Amino acid sequence: MATKVRISDYRVNQYEVSRIFIDRWSPRAMSGEEIADEELFSLFEAARWAPSAFNNQPWRFVYAKRDSEYWDQFFGFLAEGNQAWADKAAALIVVISKTTFDYNGKPSKTHTFDTGAAWENLALQGSKNDLVIHGMQGFDYDKVKEELSLPEEYKVEMMIAVGKPGNIKELPDKLQGNEVPSGRKTIKEIVREGEFGF
Ligand SMILES: Cc1cc2nc3c(=O)[nH]c(=O)nc-3n(C[C@H](O)[C@H](O)[C@H](O)COP(=O)(O)O)c2cc1C
């Protein structure tokens with residue numbers, strides 16, 4: 001049975017905001033079940049509608065489902081710390097951004113930023129669909145670039161574990177205590193009027 005976490009026990013908003021933002025978090029407990037393509041592609045659909053400079057849409061996604069021939073290779077990209085829990089994911093996604101504009105071939109200043117917006121769209125949709133969506137930077141970036149034969153103008157940004165929610169008690173012992181939604185800096189710590197002053 002998947003463990004239910006009451007988000008409001010851990011997260012309090014300072015101002016009115018849609019629940020969608022507060023309810024998204026990054027669990028690690030997953031069940032090991034597969035997901036249908038419809039569920040997976042709902043995530044990419046959400047990502048597709050992100051805004052980007054010149055509408056360049058620099059985000060690219062390459063995925064491996066756990067029942068596919070690509071799974072072992074993608075799982076092998078991950079650092080040990082992430083392998084310890086991501087073995088129950090239904091899919092692993094590599095997020096890549098195109099560093100140049102389609103229309104003139106010149107470098108984009110915001111390709112990573114734009115792709116970050118797409119990732120968050122994906123994560124919010126996954127949360128809404130009751131999936132675990134967990135971003136990762138703990139993997140071998142060079143290995144991914146090489147093994148996926150990425151052309152020079154593409155940059156590996158992150159990986160994502162996607163899965164059905166699982167039981168916290170089935171996580172490795174040392175991860176069980178961390179399996180709660182995290183807090184945030186206060187508004188005062190991140191916002192200033194007119195002057196930088198941080
Ligand atoms: C780009 C990125 C990389 C991350 N890398 C890892 C990672 O390698 N391993 C991990 O367990 N969590 C990773 N996380 C999850 C963050 O630790 C998590 O998002 C953060 O603590 C905030 O918690 P929340 O997502 O539950 O709100 C990553 C998140 C992002 C956005």
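**Figure 1. The shell around the ligand holds four nonpolar, seven polar and no charged residues.** In this count, Ala, Val, Leu, Ile, Met, Phe, Trp, Tyr, Cys and Pro are nonpolar, Asp, Glu, Lys and Arg are charged, and the others, Gly among them, are polar. This is a predicted model, in which local features need pLDDT of at least 70 and side-chain atom pairs count only at pLDDT 80 or more, while totals for chains, interfaces and linings use all residues. Residues are numbered from 1 along each chain as its sequence is written. Look around the ligand for Trp 25, Ser 26, Asn 82, His 134, Gly 135, Met 136, Gln 137, Gly 138, Met 158, Pro 181 and Ser 182; a residue is near a molecule if its C-beta atom, placed from the backbone, lies within 6 Å of it. Strand S3 gives the most to this shell, with three residues. Helices (H or I, at least four residues) and strands (E, at least two) are DSSP runs, numbered from the N terminus.

**Figure 2. Strand S2 is mostly covered, with eight of its eight residues buried.** A residue is buried if 20 or more other C-beta atoms lie within 10 Å of its own, exposed if 12 or fewer, and partly exposed in between, with C-beta atoms placed from the backbone. Ala 91, Ile 93, Val 95 and Ser 97 point one way from S2, and Leu 92, Val 94, Ile 96 and Lys 98 point the other way. S2 runs antiparallel to S1, and seven bridges join the two. Across that pairing, Val 62 stands opposite Val 94. S2 and S4 are also antiparallel, joined by eight bridges. Here Val 95 has Met 158 of S4 as its bridge partner, and Met 158 is also one of the residues around the ligand. Two strands pair if DSSP finds at least two bridges between them.

**Figure 3. Helix H5 covers residues 111-128.** The expected span is 1.5 Å times one less than the number of residues. Buried residues of H5 include His 111, Asp 114, Ala 118, Trp 119 and Leu 122. The buried residues of H5 pack against helices H1 and H2 and strands S1, S2, S3 and S4; two residues are in contact if their C-beta atoms, placed from the backbone, lie within 7 Å. Just after H5, Asp 130 takes a positive phi of about 60 degrees.

**Figure 4. The loop between H2 and S1 contains Asn 55 and Gln 57.** Most residues other than glycine have a negative phi, and most peptide bonds are trans. Asn 55, however, has a positive phi near 50 degrees, and the phi of Gln 57 is likewise positive, near 50 degrees. Asn 55 counts as exposed because it has 9 C-beta neighbours inside 10 Å. Gln 57 has 19 other C-beta atoms within 10 Å, so it is partly exposed.

**Figure 5. Ile 187 lies in helix H8, which covers residues 187-190.** This residue is exposed, because 10 other C-beta atoms lie within 10 Å. Follow the chain back to Asn 13: Ile 187 and Asn 13 are 174 residues apart in sequence, but their C-alpha atoms are 9.7 Å apart in space.
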